[in-house]
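This report walks through a two-chain structure part by part, beginning with the place where the chains meet. Please keep the sequence and the 3D view at hand while reading.

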Amino acid sequence: MTPDSLTEPTAAGQPMPRRPPGVPVEIAAVSQVFRRAQLETQALERIDLAVKPGEFVAVVGPSGCGKSTLLKIIAGLLAPSTGKVEIAGRLVSGPYTDLGIVFQSPVLLDWRTILDNVLVQIDLRGGNLAAYRDQARALLAKVGLAGFENQMPRELSGGMRQRTAIVRALIHEPPLLMMDEPFGALDALTREQMRIDLEKLWLERGQTTFFITHGISEAVALADRVIVMTPRPGRIERIIEIDLPRPRHKAVITSRRFTDYCEDITECFMRHGVIQY
Amino acid sequence: MPGPWRWLRQRGGMIAMFIALFLLWEFAVKLFGIKEYLLPPPSKIWSEFLKRQSTVMTGAWTTTIEIIGGYLLAVAVSIPLAMAIAYSRFVENSVYPIIVFLQIIPKIAIAPLFIIWFGFGLFPKLLIVFLLCFFPIVVSSVAGFKSVDPDVMDFARSTGASPARMFFKIRLPQALPEIFTGLKIGAALSATAAVVAEFVASDRGLGYLLQQYNGQLETPMVFAIIVLLSLIGLSIYYLVELIERLVIPWHVSQRPTEMTGL
């Protein structure tokens, strides 16, 4: 399935409302050098990547390969040492605001209910909260949080809190979603369910999605393209197109082609000493 | 279960223990014939207190004003200062070391200086209460304002929120639990500070009365004043804790045990 068809009826056959497609992201010769106490660390070395509108890109790599740094640079939260990022043709020169962002920890606000934690996205933007309340409830219900709207974050499980964080990142319908190891702190079963739910949300909305992970099969299961990164210095080792049908049901992720993709990436890491036997 | 009953069930043991201790005290004094000027029995303390109630209560009022006035002054100065320290590198580098240095000076030792500078009135007492309460509030508040998770700030920046909006929606609520920790430490110190200030030089207040009665070996009155001072200190502490419960219920309710909750 090509990204362009995402706003059309999905494979499941349900007619979907047309949504603004995701934005294209252009990363050109981005390098990042950190200097700390006269010690220079090359965190990223010449990253070039063009992400198509509505594409789901997964970045997979070991800790320390600079993938979180890359995410921060794209989101405009960190200025690159050299190179530039353009989103929808506009140069990113400060925090880019037309996006949703999810981190490894849900970073919810302890003093707000689940519903208000979703709405803080609108609140911080100075938007009209009342206009988004129903939407927030509907979106929470979609990820299985109906009835939890008035609970406090600490009353929910880690998985539920992370679902809330994802809803918070999507409530304002951004054309770009940045996720930094969003399932990293969850148990394997919750992780699997979250992956399925995330794909559904993406199929419905079609926002360009940047998904950072160190789970190889998770990356293959979700992405249109997997970016394989290796550390010291952090750079793109390979880019693998994942040509598997969507939605990626059980039959797809247990297929021979799926495991071949995973093996391919594993071998790539073995060649670079990231995985050793 | 209705509220009062639950309260009684939770605190019943503590109350019974208090009563038992007082009874033990009362009878031990009588049984062993301990002299009154060494350790008066509780009944004697109470009866002496009733005799001089009006003098003592006037003193208590003076001391309470000093405590609350000095404490409020400390709150009013500490929190804005903590904000400045937390958000301005310049203020942090220039002012904070001076504050830490001042904290090392034993403040009780400079109390006599205040008498020389400001005389015997209310102001030097306010100043000493202020000085003792000030530091814990500043330190906790600075820690509170600085304790924001960097990911939370990255999220907030990604919304394009103005600095003022970020402050009131994120930084301030996030800092409140630690600010209240400082406010409670300050509250607990405030009564001590007022009494010390009165010890140094005063012609009124509970600290003054305490010294007078002590000098005349009127031990029952010394005890009465100690109890009264404790009650004032406790009331102020609980008042701050009550405000904490109202302001940050989301935080208070997640504390595993409530050591002081009455």
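## Where the two chains meet

Between chain B and chain A the count is 2 salt bridges, a salt bridge being a side-chain nitrogen of Lys or Arg within 4 Å of a carboxyl oxygen of Asp or Glu. Asp154(B) and Lys72(A) meet through their side chains in a salt bridge, at 3.6 Å from N to O. The model is predicted, so local features need pLDDT of at least 70 and side-chain atom pairs count only at pLDDT 80 or more, while totals for chains, interfaces and linings use all residues. Residues are numbered from 1 along each chain as its sequence is written, chains are lettered from A and ligands numbered from 1 in the order in which they are written, and side-chain values use heavy atoms, with hydrogens and water left out.

The contact between the chains, where contact means heavy atoms within 4.5 Å, takes 19 residues from chain B and 24 residues from chain A. The size of an interface is often given as the accessible area lost when the parts come together. Buried area is the accessible area, taken with a 1.4 Å probe, that two parts lose on being put together, summed over both; between chain B and chain A it is about 2000 Å², and carbon and sulfur atoms give 64% of this. Of the area that chain B buries against chain A, 31% is supplied by Phe155(B), Ser158(B) and Trp250(B), more than by any other three residues.

## The two domains of chain A

Chain A is divided into domain 1 (22-86 + 93-99 + 176-277) and domain 2 (108-173), with bounds that come from an automatic or database domain assignment. The C-alpha centres of these two domains of chain A lie 25 Å apart, and 15 residues of domain 1 are in contact with 13 residues of domain 2.

Together the two domains of chain A bury about 1200 Å², with 62% of it on carbon and sulfur atoms. Met194(A), Leu201(A) and Arg205(A) supply 41% of the area that domain 1 of chain A buries against domain 2, more than any other three residues. The rule finds 2 salt bridges across this interface. Asp197(A) also forms a salt bridge with Arg163(A), in which the closest N and O atoms are 2.7 Å apart.

## Chain B and its domains

Chain B has 12 helices and 0 strands, helices being DSSP runs of H or I with at least four residues and strands runs of E with at least two, numbered from the N terminus. Along its principal axes the C-alpha trace of chain B spans about 75 × 60 × 30 Å.

The domain assignment of chain B gives domain 1 (1-34) and domain 2 (40-252), whose C-alpha centres lie 30 Å apart. In chain B, 5 residues of domain 1 are in contact with 6 residues of domain 2, the area buried between the two domains is about 420 Å², and the count of salt bridges between them is 0. Trp25(B), Glu26(B) and Val29(B) supply 85% of the area that domain 1 of chain B buries against domain 2, more than any other three residues.

## A pair of helices in chain B

Helix α2 (residues 42-51) and helix α3 (residues 53-87) of chain B pack at an angle of about 85 degrees, with their axes 5 Å apart. Axes are lines fitted to C-alpha atoms, for helices over the stretch in contact, and angles run from 0 to 180 degrees between N-to-C directions. The helices α2(B) and α3(B) are therefore roughly perpendicular to each other, a term that covers angles of 65 to 115 degrees. Their contact is made by Phe49(B), Leu50(B) and Lys51(B) of α2(B) and by Gln53(B), Val56(B) and Met57(B) of α3(B).

Conventions. Parallel < 35°, antiparallel > 145°, perpendicular 65-115°, else oblique.
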